[in-house]
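Me: I am new to this structure. Please show it, and then take me through a few parts of it.

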Amino acid sequence: MTDRYASFVQSAAGRALVKRLGLPDPPRLRRHQPGDPLLPGPALLGAAAGGRLAEPVAKLLTAAGVELADPAATPAAGDTPQRYGALLFDATGITDSTGLRQLYDFFHPQARAVLPSGRVIVLGTPPRECPTPREATAQRALEGLVRSIGKEFGRGVTAQLVHVTRDGNAPGTLTSLESTLRFLLSGRSAYVSGQVVRVGTGDASAPDDWDRPLDGQVVLVTGAARGIGAALARVLARDGARVVALDIPAAGDALAAVANDIGGTAVQLDLTAPDAPTRLAEHLASRHGRVDVVVHNAGITRDKTLGRMDADRWDQVIDVNLSSQERINDVLLERELIPAGGRIVAVSSIAGIAGNRGQTNYATSKAGVIGLVDSLAPALHDRRISVNAVAPGFIETRLTARIPLVVREAGRRMNSLAQGGLPVDVAETIGWLAWPASGAVSGNVVRVCGQSLLGA
Ligand code: NAD
């Protein structure tokens, strides 16, 4: 599906009209291509006094090929001002609200210096790990800054807060901080903005090649015949995974086309069939002996306002979008087919966060997916299996193409990037959560919504 308005504003006539009438101005977003540098320009890294992360972050950025600008360098008169691919600030040293001034001092002079599709990243401590109420208060305050920058900077610039556990020497934390920064700085995170991501503890191993971060991993993708699932299968295979693509028998041809395209295997199965979990488990056991990553992507909508909704619509949506995920998790975990280092990633929706008229069934199921992450992530921590979800906003697919034009336009524009996301944006985000390097990222729900106003 194409966003004709977004293409039009890139033309000369479109630019003139946007300027004159003050219309929404969706920028062309930087998206990842293998081999791309992480950033379109150098990064400026600052730190509050006493910050614990600036040093390791400087090291890992340099190792990742990012050029670090010298914060002390003052341009000579007449020089073109320095522009940055990213501004990063280690705010872990802020222990009191008066220390927040250091954020202003760092960001204010650089507010116009970020390149299009550049990145702003603030590093903080999870407030609940702070030893004093004052420190927890100051750390919580960081969210307001980051979310406002996401709305203010424009031109495809995104802003995120990364909470890093104080237990910074715990195994995996630094590797997952690296995987998270590599994701957030790169074009992989084009449509992710205004998010708070937590990096905790857990097993994480860096890949030999960061362009193939899923090398050799066996990954199950449900609902892989089209839309987000098909994009997912392609992105995960590009990143080195052996993909098992699953969809209903009626979508068999499209599913086979996706699987053939990426050298994966196809499984035709209705997830709601009573024997689906055992059949799937048997397939995975006999073909691969394990499944490293399970992506619960299959989902349906059966919209009606609650008073007009028949029980079938309710039941089908809850069953496909939520209960089938639980049944499959149970069997795969019981049979120990998801090994230590495994990943479960589920697809929620901003409807599950904000609610939506006509979608009581869908929003219930998608809020339930968030509950599944909240409850299963701590329960599986000791088995070293991470559990996360993504919550897409308006993504350009057949599902959203069916929305009436006016509502569709509103959905597309009511976010900081003034456009809908692409299936590949959701796929890249799921990919990062699935990487072996991201094991210390668990219990997160990451919105892929261009910082939508809904549920904000
Ligand atoms: P889609 O309808 O294009 O694809 C969903 C796929 O799931 C289809 O191929 C379908 O055949 C498969 N599926 C449905 N029921 C199944 C079953 N019982 N067993 C096996 N496979 C089944 O939808 P999409 O837009 O690609 O959405 C993918 C996921 O993203 C869904 O969970 C959806 O709720 C979620 N999501 C989408 C958007 C969006 O804007 N498109 C926004 C938020 C969340």
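Reply: A residue counts as buried if 20 or more other C-beta atoms lie within 10 Å of its own, as exposed if 12 or fewer do, and as partly exposed in between, with C-beta atoms placed from the backbone. Helices (H or I, at least four residues) and strands (E, at least two) are DSSP runs, numbered from the N terminus. This is a predicted model, in which local features need pLDDT of at least 70, side-chain atom pairs count only at pLDDT 80 or more, and totals for chains, interfaces and linings use all residues. Residues are numbered from 1 along each chain as its sequence is written.

Me: Which residues of helix α8 are buried, and within what arc do they fall?
Reply: Helix α8 covers residues 252-262, and Leu255, Val258 and Ala259 are buried in it. An α-helix has 3.6 residues a turn, so residues three or four places apart point the same way. The buried residues of α8 line one face of the helix, because seen down its axis (by the directions from the axis to the C-beta atoms) they fall within an arc of 95°.

Me: Which residues are exposed on the other side of α8?
Reply: The buried residues of α8 pack against α7, β7 (242-247) and β8 (265-268). On the other side of the helix, the exposed residues are Asp253 and Asn260.

Me: Which residue follows α8, and what is its phi near?
Reply: After α8 comes Gly263. The phi of Gly263 is positive, near 65°.

Me: Is Pro127 buried, exposed or partly exposed?
Reply: Pro127 lies in the loop between β3 (114-124) and α5 (133-152). Pro127 touches Ala136, Gln139 and Arg140, not counting residues up to four places away in sequence. Because 17 other C-beta atoms lie within 10 Å, Pro127 is partly exposed.

Methods:
Two residues are in contact if their C-beta atoms, placed from the backbone, lie within 7 Å.
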